[in-house]
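Subject: Structure handover

Hello,

Here is the structure you asked to look at. My notes follow below it.

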Amino acid sequence: MEYIIMIGIALLVFLALFLIIKVEKIRNRANALFLEVEKYMKENDIKFDYVCDKLYSYVPSAIKFFINEQFFKTIVQMMYDNTRKVAKDLLDDGKWNNSYK
């Protein structure tokens with residue numbers, strides 16, 4: 001019985017680490033795509049849809065089962081807003097200290 005619990009905990013830890021790594025890869029890809037579309041595209045709504053479509057193709061199907069495309073777009077928008085906020089904060093005085101208003 002103890003072995004089953006230990007195996008269950010090990011699987012949960014492994015799954016959590018896998019998801020953390022996958023999310024980090026998706027976040028990095030999102031930032032790269034945002035830079036790419038800013039360079040080559042003009043219309044903002046087309047840019048956002050392009051990034052979301054490309055990123056959604058990187059999401060594993062096991063996760064797609066729980067996250068539909070509309071919710072994924074909300075997540076991507078939050079990631080973009082957070083990245084933009086951090087960038088503006090770093091650019092105003094070179095420190096990440098929430099000094100940008």
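Helix 1 has five buried residues to look at: Ile26, Ala30, Leu33, Phe34 and Val37. Buried means under 20% relative accessible area, exposed means over 50%, and partly exposed lies in between, with a 1.4 Å probe and protein chains only. Helices (H or I, at least four residues) and strands (E, at least two) are DSSP runs, numbered from the N terminus.

Before going on, two points on the source. This is a predicted model, where local features need pLDDT of at least 70 and side-chain atom pairs count only at pLDDT 80 or more, while totals for chains, interfaces and linings use all residues. Residues are numbered from 1 along each chain as its sequence is written, and side-chain values use heavy atoms, with hydrogens and water left out.

Back to helix 1. Its end C-alpha atoms are 57 Å apart, and its 39 residues should span 57 Å at 1.5 Å a residue, which agrees. The expected span is 1.5 Å times one less than the number of residues in the helix.

Helix 1 covers residues 2–40, and Ile9 is found in it. Ile9 also belongs to a nonpolar surface patch, together with Met1, Ile4, Ile5, Val13, Leu17 and Ile20. The accessible area of the patch is about 760 Å² together. Areas come from the Shrake-Rupley method with a 1.4 Å probe; for residues, only the protein chains shown count as cover. Patch residues have over 30% relative accessible area and no salt bridge; like charges are joined within 9 Å, nonpolar side chains (Val, Leu, Ile, Met, Phe, Trp, Tyr) within 5 Å.

Now helix 2, residues 44–58. The 15 residues reach 22 Å from first C-alpha to last, close to the 21 Å expected at 1.5 Å a residue. Buried here are Lys47, Phe48, Val51, Cys52, Leu55 and Tyr56. Seen down the axis, these buried residues fall within an arc of 155°, so they line one face of helix 2. The arc is that of the directions from the helix axis to the C-beta atoms.

Next, the salt bridges. The structure holds three. Each is a side-chain nitrogen of Lys or Arg within 4 Å of a carboxyl oxygen of Asp or Glu.

- Arg27 and Glu24 meet at 3.0 Å, N to O. Both lie in helix 1, three residues apart, about one turn of the helix. Arg27 is partly exposed at 33% relative accessible area. Glu24 is partly exposed too, at 37%.
- Lys47 and Glu38 meet at 3.3 Å, N to O. Lys47 is buried, with a relative accessible area of 7%. Glu38 is partly exposed, at 47%.
- Asp49 and Lys73 meet at 3.3 Å, N to O. This pair links distant parts of the chain: Asp49 is in helix 2, Lys73 in helix 4 (residues 69–93), 24 residues apart. Asp49 is partly exposed at 33%, and Lys73 is partly exposed at 23%.

Last, the whole chain. It has four helices and zero strands. From the N terminus on, the elements run α-α-α-α. The radius of gyration is 18 Å, well over the 13 Å that the globule rule gives for 101 residues, so the chain is more spread out than a compact globule. That radius is taken over C-alpha atoms, and the rule is 2.2 Å times the number of residues to the power 0.38. The C-alpha trace spans about 60 × 30 × 20 Å along its principal axes. Buried residues make up 17% of the 101 residues.

Best wishes
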